[in-house]
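Subject: Structure for you to look at

Hello,

Here is the structure I said I would pass on. Please open it first, then read the notes below it.

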Amino acid sequence: MTADTFDITFTLNGLRKSIAVRTDAMLAEVLRENLGLLGTKVSCNEGECGACTVLIDGRTANSCIVLALEVDGCAVTTIEGVAVGGVLHPIQESFIEEGAVHCGYCTPGMILSTKALLDHNPDPTTGEVRKALEGNLCRCTGYNRILKAVSRAAEKLRPTPGAGE
Amino acid sequence: MNIVGKNVLRADAAQKVTGTHEFAIDGKVPGMLWARIVRAPLGHARIVTADTAAARAVPGVVSVLTAADLPTPMPLYGSVIADQPLLAVGKCRYYGEPVAVVLADSDEAASLGVARTRIDYEELPAVVTVADALAADAPLVHDATTAPGSNVHKQYEYAWGDVEAAEPACHTIVENTYTFPMIHHFALEPFSVIAWPEAGGVQIKSPVQHPFLLRRVVAECLKLELSKVRVMATSIGGGFGSKGYAKYEPLAAYLAMRTGRPVKISTSLDDAFVTARRLSATVHMKTGFDRDGRILLQKVDADYLMGAYADAAPRITQKASYVSCGPYRIPNLKTVARAIYSNTTPSTAARGFGMPPLNFALETQMQMAAKSLGIDPVEIRLRNLVKRGEQLVPGDIPADGEWSEGLRRCADMIGWNDPLPPGTGRGISIGIKNPIPGSVSNALVKLHADNSLTVAVGTSEMGQGACTVLAQIASEELGIPMDRITMIMGDTAAVPFDVATAGSRSTVTMGNAVQSACKDVVRQLEEMAKELGLIAPGEKLQINGGMMSDRQNSLSFNDIFTRYFSKTQGEVVGRGLYKGEVVAGHPLGGLSDFWEVIFIAVKAKVDPATGKVSILKMINVSDIGKAINPLHCKSQEEGGAMMGLGHALMEQMIYDQKGRLRNGSPLDYRIPTTMDVPWEMDSSLVENQDGAGPFGAKGIGESGAITAGAAIAAAVSDATGVFFKDLPITSERVWAALSAEKV
């Protein structure tokens with residue numbers, strides 16, 4: 001650690017990471033430039049577009065306006081941590097199946113916002129889905145298919161009635 | 001058909017949902033320099049002095065260049081005319097114009113260098129509106145345009161029949177002036193380009209829609225041969241026209257050749273607002289109707305406000321005004337359109353290519369005429385819609401669909417005759433556009449010995465799904481499964497020429513080229529089979545699942561390969577060319593391949609207390625000919641419609657009198673979010689296999705953006721009784737109009 005850097009330890013996509021970060025470095029920059037995780041997209045760099053959305057302790061955050069040192073001791077999930085063992089997550093499958101992926105630039109952030117929603121609220125109303133994705137801008141799809149994809153994902157993730165109970 | 005017409009899942013989707021899809025902004029090349037741009041803080045100003053010493057002293061900064069450090073005369077670039085300098089010389093002409101560039105070993109150092117560069121300006125009066133630009137004593141944006149002493153760059157005129165002579169026969173004349181604001185494309189992926197020197201030329205990686213056009217523009221700017229410029233179009237993170245024409249690539253290419261090192265120019269989303277915008281316009285329209293609502297005449301004066309440099313704007317003005325008749329039978333028409341310079345962000349192609357302002361005007365005229373004549377808005381349109389085979393624009397292809405079918409379906413789906421609760425209204429509109437006339441697409445298809453296929457095309461993948469749809473066409477033609485097809489796209493050194501990924505053209509024009517290349521593969525296989533004595537002369541082979549069969553035998557491509565070449569070598573290369581009809585003396589250079597026609601109906605609710613407009617229901621119907629991939633067609637038209645919704649209700653770039661953009665960031669310039677999606681949204685496709693593309697397909701993509709604004713405006717008028725002639729229809733405007741009514 002130097003005057004300008006800070007050592008942090010956090011859980012990144014399930015694995016413990018220790019890294020020295022500049023005190024003024026944003027999380028998005030550290031993920032992309034230091035850790036090589038380019039799936040976190042950067043666009044506005046001012047917390048408005050949602051392309052850089054990651055999960056910090058299960059809650060969405062615009063990683064372009066979160067200081068990297070703030071995640072010391074936290075659990076961070078990026079898009080690279082959503083598909084486990086090369087198998088697509090049901091949310092990812094649903095986005096593909098509903099035609100909710102166009103240019104793909106907003107997609108990682110959209111998927112993480114969806115994950116945060118469904119992890120906490122497995123059966124959201126249409127209004128809750130809209131609200132949860134309000135901070136993620138998309139200029140291609142018109143959102144209609146994204147809303148359908150979230151409903152489909154919720155359905156896939158819901159436990160089958162009777163199973164294991 | 002096996003693959004065409006199916007909702008085949010997007011070929012690039014797995015990469016996109018896992019974040020592994022590569023965009024240009026993610027790229028790095030060993031030894032690369034980072035370039036950041038110093039931008040003009042005023043719309044129009046003389047550049048007095050530049051002090052770069054402090055910037056050059058920043059550790060990691062390699063050099064800081066202004067126009068004084070570049071060649072004289074300054075290299076210019078542009079697709080229509082080369083009027084844009086790599087860096088501003090002597091004066092800046094728009095807020096955000098590149099005035100200097102900092103090259104550094106890191107992005108951080110380059111950014112710090114920009115902050116430390118000091119440039120002094122002497123402010124000049126700026127031109128930011130059509131009225132400013134046309135004033136008698138208007139400051140001139142350029143010293144010498146094609147109309148010296150004026151900001152009018154070009155004027156285009158179209159006329160048929162006799163407008164003046166037709167006027168006495170009119171029962172009702174509707175005459176209004178409409179304004180359409182400056183709009184930003186708002187692609188999520190910022191502009192980003194990497195260029196590096198290579199073998200006496202330059203290579204460029206950029207998310208560009210038209211790699212071959214960029215190759216030409218860079219070659220002309222830097223005086224290189226076409227073969228010395230290689231453009232590799234990367235997957236585009238949203239374009240909508242903003243990434244069609246050259247932006248930062250000529251500067252990056254110049255810097256790479258000058259320094260002998262790879263150079264990456266990165267920008268932010270804020271920078272995009274000062275890089276590209278849609279043309280704003282003031283449209284004066286006079287439409288004459290007989291007592292039954294039939295159009296007898298139309299006179300249009302459309303003033304399109306370009307930015308400080310031409311980019312594609314003259315062509316947009318020329319091409320949009322060519323279809324100022326909309327989809328209607330207009331026996332007497334006169335249109336004058338002008339492309340006018342201003343001290344604002346250069347305006348370029350944008351979804352709908354100049355049609356939205358004209359469409360908003362014309363469809364509102366129809367709405368007013370319907371009300372004035374007491375005719376239903378659907379009925380008045382039915383009376384004027386041209387029928388299949390009927391002439392639309394004289395000298396061009398006739399109507400290539402039965403458009404009344406789409407209009408009726410759209411009206412049915414919105415529940416046109418259902419009772420409306422108070423405070424709600426319904427509107428319907430029709431959008432039309434032509435693709436790039438007389439255009440060229442080539443495709444190469446390579447069949448390999450293991451029965452897999454490579455399809456090489458100049459089309460760029462910009463989220464529209466070309467990599468999936470073009471593969472579907474090849475798969476259908478050759479019976480090869482989708483997972484055995486690899487698309488090579490947008491690399492000018494690896495694929496044959498294509499003019500552009502624009503104008504909703506690729507499925508039709510490149511689709512035809514791919515289909516024709518596949519047929520060329522089959523023709524060659526037949527020749528080979530005949531030479532091997534596997535089929536008799538004159539006999540045709542049937543393609544079935546990658547197998548060829550005649551009456552007796554069934555043999556695979558692989559059988560022919562192995563016998564004709566050997567087990568380890570050979571491939572069959574098919575070539576396909578599509579060339580639209582070029583017509584000498586035609587104002588646009590040639591004929592339309594098809595007409596892109598879309599119908600939108602909207603049900604809206606207006607809160608009189610706040611002026612807030614809520615869209616309860618929106619229906620999109622496209623006359624598509626044949627949907628190669630229906631799901632992607634529908635989601636494409638919905639995306640276009642939501643962009644149109646943004647234009648209609650909330651989006652506008654705002655300049656102050658010094659020519660400074662006041663809302664050039666996502667915080668201040670709002671686009672629709674999930675909260676703005678209509679409560680109900682549905683789409684439908686009219687498929688009569690009557691298009692010029694493969695399997696009868698027509699193009700789609702610009703679609704909803706052309707006419708969603710007009711449909712929303714009509715619904716708001718229906719709900720409030722007030723016609724809005726200026727977009728966007730903000731809550732403030734609605735509230736003000738309703739309050740004024742009450743007084």
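UniProt positions are given in the numbering used here, with feature names shortened, and such annotations may be inferred rather than shown by experiment. An unreviewed UniProt entry places "domain: Aldehyde oxidase/xanthine dehydrogenase a/b hammerhead" on residues 18–125 of chain B.

This is a predicted model, in which local features need pLDDT of at least 70 and side-chain atom pairs count only at pLDDT 80 or more, while totals for chains, interfaces and linings use all residues. Residues are numbered from 1 along each chain as its sequence is written, and chains are lettered from A and ligands numbered from 1 in the order in which they are written.

Domains of chain B

The annotated span 18–125 is 14% helix and 36% strand, and its end C-alpha atoms lie 50 Å apart. Helices (H or I, at least four residues) and strands (E, at least two) are DSSP runs, numbered from the N terminus. The domain assignment of chain B gives domain 1 (31–124), domain 2 (358–433 + 594–742) and domain 3 (438–579); such bounds come from an automatic or database domain assignment. Between the C-alpha centres of domain 1 and domain 2 of chain B there are 42 Å. Seven residues of domain 1 of chain B are in contact with four of domain 2 of chain B, contact being C-beta atoms, placed from the backbone, within 7 Å. On the domain 1 side, three of these residues are nonpolar, three polar and one charged. Ala, Val, Leu, Ile, Met, Phe, Trp, Tyr, Cys and Pro count as nonpolar, Asp, Glu, Lys and Arg as charged, and the others, Gly among them, as polar.

Where the chains meet

How many residues of chain B are in contact with chain A? There are 42, and they touch 39 residues of chain A. Helix α16(B) (630–649) supplies the largest share of the chain B side, eight residues. By class, that side has 23 nonpolar, 14 polar and five charged residues.

In chain A, six of the eight residues of helix α2 (90–97) are buried. A residue is buried if 20 or more other C-beta atoms, placed from the backbone, lie within 10 Å of its own, exposed if 12 or fewer, and partly exposed in between. Among the buried residues of α2(A) are I91(A) and F95(A). The cover over them includes α3 (107–120) and α5 (144–157) of chain A, together with α1 (13–18) of chain B.

The core

The largest nonpolar core has 299 residues. A nonpolar core is a set of buried Ala, Val, Leu, Ile, Met, Phe, Trp, Tyr and Cys residues joined through C-beta atoms within 7 Å. Helix α17(B) (703–720) gives the most to this core, eleven residues. V455(B) is one of the residues with the most contacts inside the core; beyond four places in sequence, its contacts include L470(B) and V514(B).

Backbone points to check

Most residues other than glycine have a negative phi, and most peptide bonds are trans. The bond from T72(B) to P73(B) is cis, with omega near -5°, and P73(B) sits in the loop between β3 (61–66) and β4 (76–77) of chain B. The bond from L727(B) to P728(B) is also cis, with omega near -5°. N13(A) has a positive phi near 50° and is partly exposed, with 17 C-beta neighbours inside 10 Å.

Regards

Terms used:
Two residues are in contact if their C-beta atoms, placed from the backbone, lie within 7 Å.
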